[in-house]
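Welcome, and please take a moment with the model below.

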Amino acid sequence: MVIRPREKDRIIHSIARFLSGLKPKASNRYYFELFKYCSEIKKIKVPNDNTCFFCGKKFSKKSTLVLHISKKHEKEIYDLCLGKYET
Ligand SMILES: [Zn+2]
């Protein structure tokens, strides 16, 4: 999967929402569809207790978790998209 710079933020945010157990926003559905076909991301079992998929940190609100993932784990999200992330 190739990530174009102008799509970067929306893709990162879409994946952060996905990893937080949220559905994509309507305006970002296109970006969600893009990465949905990435086999590495499809394999992920998203934690359903507001826990960060990457570092295991727990959050009280999903919105805080989305922010945390999109800010702190941008590189990991890229690696996931490119199939380079190792658990
Ligand atoms: Zn984390």
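Let us begin with α4, whose face turned away from its buried side carries the exposed residues Ser63, Thr64 and Lys71. Here a residue is called buried if 20 or more other C-beta atoms lie within 10 Å of its own, exposed if 12 or fewer do, and partly exposed in between, with C-beta atoms placed from the backbone. Helices (H or I, at least four residues) and strands (E, at least two) are DSSP runs, numbered from the N terminus.

A word on the source: this is a predicted model, in which local features need pLDDT of at least 70 and side-chain atom pairs count only at pLDDT 80 or more, while totals for chains, interfaces and linings use all residues. Residues are numbered from 1 along each chain as its sequence is written.

**The overall picture**

The protein has five helices and zero strands, in the order α-α-α-α-α along the sequence. Its radius of gyration is 12 Å, close to the 12 Å that the globule rule gives for 87 residues, so the protein is as compact as a globular protein of that length. That radius is taken over C-alpha atoms, and the globule rule is 2.2 Å times the number of residues to the power 0.38. Along its principal axes, the C-alpha trace spans about 30 × 30 × 20 Å. Of the 87 residues, 23% are buried.

Contacts also tell us how the chain folds back on itself. Two residues are in contact if their C-beta atoms, placed from the backbone, lie within 7 Å. Among contacts between residues at least 6 apart in sequence, 51% join residues at least 24 apart.

**How confident is the prediction?**

The predictor's confidence in each residue, pLDDT, runs from 0 to 100. The protein averages a pLDDT of 84, and 93% of the residues score at least 70. Among the elements, α4 has the highest mean pLDDT (96) and α2 the lowest (71). Where pLDDT is low, the predicted coordinates should not be read in detail.

**The helices and their buried sides**

Helix α1 covers residues 8–19, and its 12 residues reach 16 Å from the first C-alpha to the last, close to the 16 Å expected at 1.5 Å a residue. The expected span is 1.5 Å times one less than the number of residues. Nine of the 12 residues of α1 are buried, so this helix is largely enclosed by the rest of the structure.

| Helix | Buried residues |
|---|---|
| α1 | Ile11, Ile12, His13, Ser14, Ile15, Ala16, Arg17, Phe18, Leu19 |
| α4 | Leu65, Val66, Ile69 |
| α5 | Ile77, Leu80, Cys81 |

Seen down the axis of α4, its buried residues fall within an arc of 100°, so they line one face of the helix. The arc is that of the directions from the helix axis to the C-beta atoms. These buried residues of α4 pack against α1. An α-helix has 3.6 residues a turn, so residues three or four places apart point the same way.

**The core**

Which residues touch the most other members of the largest nonpolar core? Of its 15 residues, they are Ile15, Ala16 and Leu19. A nonpolar core is a set of buried Ala, Val, Leu, Ile, Met, Phe, Trp, Tyr and Cys residues joined through C-beta atoms within 7 Å. The elements that give two or more residues to this core are α1, α2 (29–36), α4 (62–72) and α5. Its largest share, six residues, comes from α1. Leaving aside neighbours within four places in sequence, Ile15 is in contact with Phe35, Ile41 and Ile77.

**Between and beyond the helices**

Glu7 is found in the segment before α1 and is partly exposed, with 14 C-beta neighbours inside 10 Å. Glu7 and Tyr31 are 24 residues apart along the chain, and their C-alpha atoms are separated by 7.8 Å.

Just after α1, Gly21 takes a positive phi of about 80°; just after α5, Gly83 takes one of about 75°. Asn50, a residue other than glycine, also has a positive phi, near 60°. Asn50 sits in the loop between α3 (39–42) and α4 and is partly exposed, with 15 other C-beta atoms within 10 Å.

Finally, Glu86 lies in the segment after α5 (74–81) and counts as exposed, with 5 C-beta neighbours inside 10 Å. Glu86 and Glu76 are 10 residues apart in sequence and 9.1 Å apart in space, C-alpha to C-alpha.
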